[in-house]
Every structure is written in C-alpha cells, then in structure tokens.
Amino acid sequence: MAIELGSVVEGKVTRIMNFGAFVELEDNKVGLIHISEVADEYVNSVSDFLKEGDTVQAKVISIDANGKIALSIKKMKPKNQDAEKSPRNFKNKPANRNGDFKPSRQTSASFEDKLSKFLKDSDERLTDLKRKTDSKRGGRGSRRSD
C-alpha cells in the first residue's frame with residue numbers, strides 16, 4: 001500500500017527526540033510524529049506517551065517535496081463530543097468581570113461597537129485599579145501641605 005496524504009499507516013517507533021518521534025513505515029520509509037501531534041492534551045515530553053519499539057497507527061498529514069512524511073496520532077481520533085463539555089475548553093465561554101464563565105451570545109455587533117465596549121471596559125478597570133492603588137497609599141503622595 002502506498003503512503004498517501006490522509007491515509008492511516010502503521011509503523012514502529014524507532015527514535016524519540018525532544019521535538020517528536022520517528023516512526024519506521026513500510027518500504028523502509030520514515031515518518032515523524034511532531035510533539036504537537038502526539039496527543040490532544042499538553043505534551044511535555046514525547047516519552048510520556050511513546051516508547052521506542054511501540055507499534056503505532058498514525059495519519060499522514062503531509063509529504064513534502066523531499067519525501068519527508070509528517071504523521072499525526074492526534075488527528076486519528078475523531079473530535080470527541082465530551083471535549084466540548086470539558087471544563088478546560090473555554091472557547092465559547094468568555095469570562096465576565098468576576099471571572100465566572102457564561103455562555104457566549106452570538107451578536108452581529110460591528111467592529112466599532114465591539115471596540116467602544118472594549119475601551120469602556122478597559123477604562124472602568126483602570127479607574128478601579130487607580131482607586132484601589134490610591135487607597136493603599138493612603139493618599140499621602142497626592143497632597144502636599146507647605
């Protein structure tokens with residue numbers, strides 16, 4: 001079977017590096033699973049997920065002009081519906097001023113409206129910060145009596 005873009009291949013991990021793992025494929029070809037393509041979660045070290053000698057299945061995500069094959073274990077798995085409900089996934093849940101998360105509302109606000117809202121919120125936060133900072137100083141630096 002020829003190695004084509006998008007196909008699923010099986011191979012043996014031959015070498016673990018800081019940036020990824022090399023996998024020996026059929027016809028003595030070698031592919032690389034980059035550290036960012038090892039798992040859906042944060043990968044500090046490839047060796048936490050893969051060991052030399054492991055047999056893995058991976059998806060071919062690119063083949064460059066020099067014949068280098070990029071593989072992905074992460075893209076083998078379908079997007080999990082539970083991942084969208086995970087507390088770690090805040091893509092659609094912006095924080096309010098108290099740090100609580102709320103569902104986003106899709107609005108058709110223009111760029112200018114969004115910008116003016118952002119500037120207003122920023123100004124309010126700066127005012128609150130200045131007020132808190134001045135109260136901690138006790139107001140000593142702002143008044144002078146001669």
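A salt bridge here is a side-chain nitrogen of Lys or Arg within 4 Å of a carboxyl oxygen of Asp or Glu. By that rule, this predicted model has 3 salt bridges.

**Stop 1: select glutamate 37 and lysine 75.** Their side chains form a salt bridge, with N to O at 3.8 Å. The two residues are 38 apart and link distant parts of the chain. Glutamate 37 sits in the loop between strand 3 (30-34) and strand 4 (55-63), while lysine 75 sits in the loop between strand 5 (69-72) and helix 1 (81-85). Colour by accessibility and you will find glutamate 37 buried at 12%, whereas lysine 75 is partly exposed at 45%.

Stop 2: Lysine 117 is exposed, with 52% relative accessibility, and aspartate 121 is partly exposed, with 23%.

**Stop 3: stay in helix 2 and select aspartate 128 and arginine 131.** Their closest N and O atoms are 3.3 Å apart, making a salt bridge. About one helical turn separates the pair, because they are 3 residues apart in helix 2. Arginine 131 is exposed at 54%; aspartate 128 is partly exposed at 29%.

**Stop 4: show Phe111, Leu115, Phe118 and Leu119.** Together they form a nonpolar surface patch with about 450 Å² of accessible area. Phenylalanine 111 belongs to helix 2 (residues 111-137). Its relative accessibility is 61%, so phenylalanine 111 counts as exposed.

Key. Residues numbered from 1 in each chain as written. Predicted model: local features only at pLDDT ≥ 70, side-chain atom pairs only at ≥ 80, totals over all residues. Heavy atoms only, no water. Patch = residues over 30% accessible without salt bridge, like charges linked within 9 Å, V, L, I, M, F, W, Y side chains within 5 Å. Areas by Shrake-Rupley, 256 points an atom, 1.4 Å probe, with all protein chains shown as cover. Helix = DSSP H or I, 4+ residues; strand = E, 2+ residues; numbered from the N terminus. Buried < 20%, exposed > 50% of the residue type's maximum accessible area, 1.4 Å probe, protein only.
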